Amino acid sequence: MVYKFTKNPEKRTLPRMEAMAKWMKKNLFSTKGNTVLSLFLIAGLIKIFTPIFTWLFIDATWIGDAAACREGSGACLAFINEKFTYIIFGPYPREEIWRPALTMVLMFALLWWSKEPSRWSKKLVKWWAGFVVLGWILMSGGLGLAPVKSTSWGGLPLTLVLSFVGIFISYPFGIALALGRRSQMPFIKSMCVIYIELIRGVPMISLLFMSSVMFPLFLPEGVSIDKLLRAQVAIIMFISAYMAEVVRGGLAAIPKGQYEAADALGLNYFQTMRFIILPQALKIVIPPSVNTAIGMLKDTSLVIIIALFDLLSTTKASLKDPEWLGFSVEGYLFAAFIYFILCFSMGKYARRLEVEFHRGHKNREVNI
Amino acid sequence: MSTNPIIEMKDMNKWFDDFHVLKNINFQVNNGEKIVICGPSGSGKSTLIRCINRLEVHQNGKIIVDGTELTNNLKHIEKIRAEVGMCFQHFNLFPHLSIVDNLALAPMWVRKESKKEASERAMHFLEKVKIADQALKYPGQLSGGQQQRVAIARALCMKPKIMLFDEPTSALDPEMVKEVLDVMVSLAEEGMTMLCVTHEMGFARQVADRVVFMDDGQIVEEAKPDEFFDNPQHERSKEFLSQILH
């Protein structure tokens, strides 16, 4: 459906309650059959959600110990309360927790600042580079901060680092691979095809295994590369292959006439790509690339198999505390809630970007 | 005629796979000359002009544009493309850029002009095609005729020596054809070398120095417009004219 940005005059003249009644009459109770169906569905929804709501909030044990939880009939939110620090920060030393916390705050602040396309500039890239350096120092120590090994990083900061760094860095790689795959130079083309198909053809777990088990075997004795870094490289390699295919879809959607017009004006290949083709292609692929990004964010939970403690792993570990056995539903719900917030915000932001970039098409109609 | 042609094709041949689309073309255009190329669809007329800026690659024979031979040499191709402007049937404006940015992009990056310089000339040519008030809009907000005029202005911003028109009015609604033809006529009056693939016979009579009739990949007849329209020599030209003039 195509909507025009015009306001419906009827809507504004009606008071809110009246408008709601009208809406309900039109959409829920328009015929006898619809009325029956609507009532039936509303009753069903109430039936399902009342017990969940009661369990989660009304009957919940908010504070207290495990014994108090076991007496109560609702959710044991005290468990989340008790394990919150461990789930979020993992095995990071307790007295240093302000460091990952500060890193996360800085990251969210920078993300918030970066969300306006008008602020996208070289300066912003420098800010991000600065953040990566600062974040690295904060997390791992140095400059007077006690060193903390990356093996004891964990929880939400680890998930965020692995996924956001993975997604951001793999995006340019993905673009390069997609362009390479469409290249007319047979060597470049076949290299890109081989890379993409090879990486896409294996599960991410196998790449992570290779990075943690196989790769060190090829290094000379005494040389070791940080496990987290190896996992991060494996994740970047993996996401790049997927992003490449997403971007290729966008490139294929650009009409031949755009290339011809750019050629006819004398623009060279890189100018054509940078100014004409990629801006249009990347705009087209916002929805599928966010789809891939959301998938990848959740896939980072696979690093558990190489003993890195991301958000899901720390949640699982908290469930094993003998004192607090039996509250796995609460634990998993909490982890799911955080994942949902992250993924939902990404999706929501992507929709905003789509609207923002949607210009120049007839009369600024927006097609969502 | 002058002995110094700006475009020269010698025994030029082109195939699309096994299909022989241009057969042994020998053809010259002099500086400042206006040529209208017509012929039935599939006769190779678009392909012929697209070979001049190498949107299509010819397989043998020679094409020399302004003293530079078209080969696989990228430097030569870029040089020729910067000097040869082109307008397409479907305009091919860049939908994500505003009108003025559509015009200023190539001068800035190909001619290395400053943004100010490029935008000023963009505005100059938009004035010329009578569309300067739309400069900040996007292509999708303009009518077909306006878009084609923008496309002409975009090509002119590169200060081309030669302009190629590939059926510039075929995709337009009838009431918009005139505004585009008017721009082309005024361009011709200024002495631009022009090659137009078009079926606008009124335009051909008014502007062309020479009409080239193509059929089946060959140049069948070349003549001054009056001679061609009033007294076509070749059987196929006669047949074609009887079909389009009713």
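Residues are classed by relative accessible area as buried (under 20%), exposed (over 50%) or partly exposed (in between), with a 1.4 Å probe and protein chains only. By this criterion, 39% of the 368 residues of chain A count as buried. The structure is a predicted model, in which local features need pLDDT of at least 70 and side-chain atom pairs count only at pLDDT 80 or more, whereas totals for chains, interfaces and linings use all residues. Residues are numbered from 1 along each chain as its sequence is written, chains are lettered from A and ligands numbered from 1 in the order in which they are written, and side-chain values use heavy atoms, with hydrogens and water left out.

Chain A contains 16 helices and 1 strand, these being DSSP runs numbered from the N terminus (helices: H or I, at least four residues; strands: E, at least two). Along the principal axes, the C-alpha atoms of chain A fill a box of roughly 70 × 70 × 40 Å. Domain 1 (12–55) and domain 2 (59–92 + 148–367) are assigned in chain A, with bounds from an automatic or database domain assignment. Their C-alpha centres lie 38 Å apart.

A search over all chains finds 27 salt bridges, each defined as a side-chain nitrogen of Lys or Arg within 4 Å of a carboxyl oxygen of Asp or Glu. In helix 11 (residues 227–252) of chain A, A:Arg248 and A:Glu245 lie 3 residues apart, about one turn of the helix, and their side chains form a salt bridge at 2.9 Å, N to O. A:Glu245 is buried at 16%, while A:Arg248 is partly exposed at 28%. In helix 12 (residues 256–265) of chain A, A:Glu260 and A:Lys256 are 4 residues apart and are bridged at 3.5 Å, N to O. Here A:Glu260 is buried at 12% relative accessibility, whereas A:Lys256 is exposed at 58%.

Surface patches comprise residues with over 30% relative accessible area and no salt bridge, like charges being joined within 9 Å and nonpolar side chains (Val, Leu, Ile, Met, Phe, Trp, Tyr) within 5 Å. A nonpolar patch of about 580 Å² is made by A:Phe53, A:Phe57, A:Ile58, A:Trp62 and A:Ile63. A negative patch is formed by A:Asp65, A:Glu71, A:Glu82 and A:Glu323. A:Glu323 occupies the loop between helix 15 (311–319) and helix 16 (328–357) of chain A and is exposed at 54%.

How values were computed:
Areas by Shrake-Rupley, 256 points an atom, 1.4 Å probe, with all protein chains shown as cover. Lys, Arg positive; Asp, Glu negative; His and termini not counted. Charge placed at Lys NZ, Arg CZ, Asp CG, Glu CD.
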